[in-house]
Amino acid sequence: MQTKRNIYLKTIPPEEAVALAKAHLDRDALLGTEHVPTHEAAGRVTAEPVYARYSSPTFHAAAMDGVAVSAESTFAAREDAPVSLPRGEGFVFVNTGNPLPEGKNAVVMIENVVQQDANTVLIDAPAFPWQHVRRIGEDIVATELLIPQNRELTPSDIGALLSAGIYDLKVRETVKTIFLPTGDEVLNFLDRPEPRAGQVIESNSQVFRAYARSWGMDAAWSAPVPDDEDALRNAVLDGLKSGCHMVVVGAGSSAGSKDYSRRVFESIGTVLVHGISVMPGKPSLLAVTDERSGYPGRLLVGAPGYPVSAIVCHEKILAPVVHWLMGKSAPERHEANIVLARKTPSRPGMREALRLAAGRIGENIVGAPLARGAGMITTMTRAQAVTYIPEDAEGVEQGETVKAELLVHKSDLDRVLVHVGSHDNTLDLLANELMGLSDSLRLVSSHAGSMGGLTALKAGSALFAGAHLFDPETGDFNFPFIERYLKDIPVTVVNLAIRHQGLIVPKGNPLSIRGVDDLTRDDVVFINRQRGAGTRILLDHHLKKAGISPRDVTGYENEEFTHMAVAVNVLTGAASCGLGIYAAAKALGLDFVPLAHERYDLIIPEAYVDDPRIRTLIEIIKRPAVQAKIKAQGGYETDMTGRIMQPGMGLGQD
């Protein structure tokens, strides 16, 4: 019998989902109060007004190093007729913070005092009453309101509270939660597993826990719960029984036959939201428990299983709800206007999150769109910003300016090198070298292929582009294409390396693939690179040379965007072979059938050649130690690395 599938409720904007949760939660009933030591209360929220117990300072205190005097005794002082004061009755030496001696009401700075002898000083300017004196209660007066209720305490507040004699105080209870990962295919990371086909290492619980800790929550997690409705219900009830104000179930909130979260939530509460109109993040689920749970009025959350979807759920729904529960202001990111480096389509009717590799180029901040898959967690580690394509738009155009949330400090964008173009493993090596500098730089790449890189340079959307475009007519690399597509943009071309391209095949080459002629065999499935990639142009050249039509190559239409992605397809058996660089085959322990050598260059608009980031990049490339690391990857020659290229140089061979 087929298991019943869920049907999404009407998807709603995340702001509506947050409002619904707030409307159905009684935060005063849900969260109690507790007393905590003041010195451990930073980040907590006061549950009642706090009144000062003592004044600060508790005595009249010297605010400067100098002499304490009676101001009235100095009124006659003039520069040409200083007043002479005897030690003791006339003055007392004091340091900053000392109590003001009895009978004294002013301090003269030591710099303005002339010591006539050990017991006499001369004052040449009159002092006024309470000059350079911190008076009793100047900062805090006993019994006055120091901190109001519902105030999130800052580090400065802790200092004020202790100064006023407040050694403990009543605060709102911390939100306690547990994250329950689910799925038969999910492996507990604590076991340090080696996943097999169909298995994944559980990580969403730790992403949530990191968010929760930054929000000031008390967050726990469990081992993965199997795909069983009763087991999940028992785990949720156990979480409620342990005192959790909120239980988050990871995965199981979508519409699959084994997604049990909604049914479990409906059995012990009321489902408020099932589906938000944001991609990724759509399967988010919210419910509130009722009497059937034994713990009514608590929040149940179904977070999507795909990591980027889960992060959207955490940031756009949980963050504002949790901060409201605790009486805190929800975190807000700085925003910036960013010019898009590439056209990006979108599906109308859904708000879509678009991660951007962003940096400053000239007067603008430019962002190159990263992959948008809900499972692409690395787009979060590589992004500097995120923008949201509105529900009523069909996408955004290249060169369009969008408002984006910054994921880094704005000043960090001045230390980013934006690369758009062909993928190469050496770019990762350079990124690591740049981050190792004392004043680190961040290299971010959008893998758009060699032609995509030239297009980005033409649009002013990249500091530099990597390309390895071979022109069969001239036997040269890159320059014929630069002449055709960047005619009006002066550029400097710097060689990164000579690469070995060939067919990546499984270890042992079980199908005995020897060259492009074998790509037409019935038992061979090819994996291709995307249109505009230099590797694809190279393949098409060799197919044409061999008289082979792309239609005769099974898998020609299947595309990947990097050499490593091609290699992974071969490693997992999704393809019999693919064209790529030797370094990618070596990295995954695969075999390699050489096909051609090619020149991979960095194309830099002359307007940016003197940019300190570009100068540093070129300096790094020229270092012998870095060139040795490039060669050690396998399949690279560095005889021309760091040299400025000219038309007709080809591979630099006679």
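This section describes a sheet, a strand hairpin and several side-chain arrangements in a predicted model.

An open sheet is built from six strands in the order β16-β13-β17-β21-β20-β18, and its pairing is mixed. Strands β16 (218-221) and β18 (269-274) form the edges, each pairing on one side only. On average, neighbouring strands of this sheet are turned by 20° against each other, direction ignored.

Strand β25 (residues 364-369) pairs with strands β22 and β24. Two bridges connect it in parallel to β22 (residues 335-340), with Leu 340 opposite Gly 367 of β25. The pairing of β25 with β24 (residues 351-361) is antiparallel and extends over six bridges; within it, Leu 356 has Pro 369 as its bridge partner. Strands β24 and β25 form a hairpin with two residues between the strands, and in this hairpin Gly 362 adopts a positive phi near 65°. Five of the six residues of β25 are buried, and the strand is therefore largely enclosed by the rest of the structure.

Aromatic side chains were also examined, and a search of the whole structure finds six aromatic pairs. In the pair of Tyr 211 and Trp 215, the ring centres lie 5.5 Å apart and the planes meet at 40°. Because this angle falls between the limits of 30 degrees for stacked and 60 degrees for edge-to-face rings, the pair is classed as tilted. Tyr 211 and Trp 215 are both buried. A charged group meets a ring elsewhere: the charged end of Arg 484 sits over the ring of Phe 481, at 5.3 Å from the ring centre.

Thr 562 occupies the loop between β36 (559-560) and α13 (563-571). Its relative accessibility is 14%, and since buried residues are those under 20%, Thr 562 counts as buried. The side chain of Thr 562 reaches the backbone nitrogen of Ala 565 at 3.0 Å. When residues up to four places away in sequence are not counted, Thr 562 touches His 423, His 447 and Arg 529.

Definitions and conventions:
Residues are numbered from 1 along each chain as its sequence is written. This is a predicted model: local features need pLDDT of at least 70, side-chain atom pairs count only at pLDDT 80 or more; totals for chains, interfaces and linings use all residues. Side-chain values use heavy atoms; hydrogens and water are left out. Rings of Phe, Tyr and Trp (its six-membered ring) pair if their centres lie within 6.5 Å; planes under 30 degrees apart count as stacked, over 60 as edge-to-face and the rest as tilted. Buried means under 20% relative accessible area, exposed over 50%, partly exposed in between (1.4 Å probe, protein chains only). A charge sits over a ring if NZ of Lys or CZ of Arg is within 6 Å of the ring centre and within 35 degrees of the ring normal. Helices (H or I, at least four residues) and strands (E, at least two) are DSSP runs, numbered from the N terminus. A polar contact is a pair of N or O atoms within 3.5 Å; within protein, one must be able to donate a hydrogen and the other to accept it, and residues adjacent in sequence count only if both atoms are side-chain atoms. Contact means heavy atoms within 4.5 Å. Two strands pair if DSSP finds at least two bridges between them. Axes are lines fitted to C-alpha atoms, for helices over the stretch in contact, and angles run from 0 to 180 degrees between N-to-C directions.
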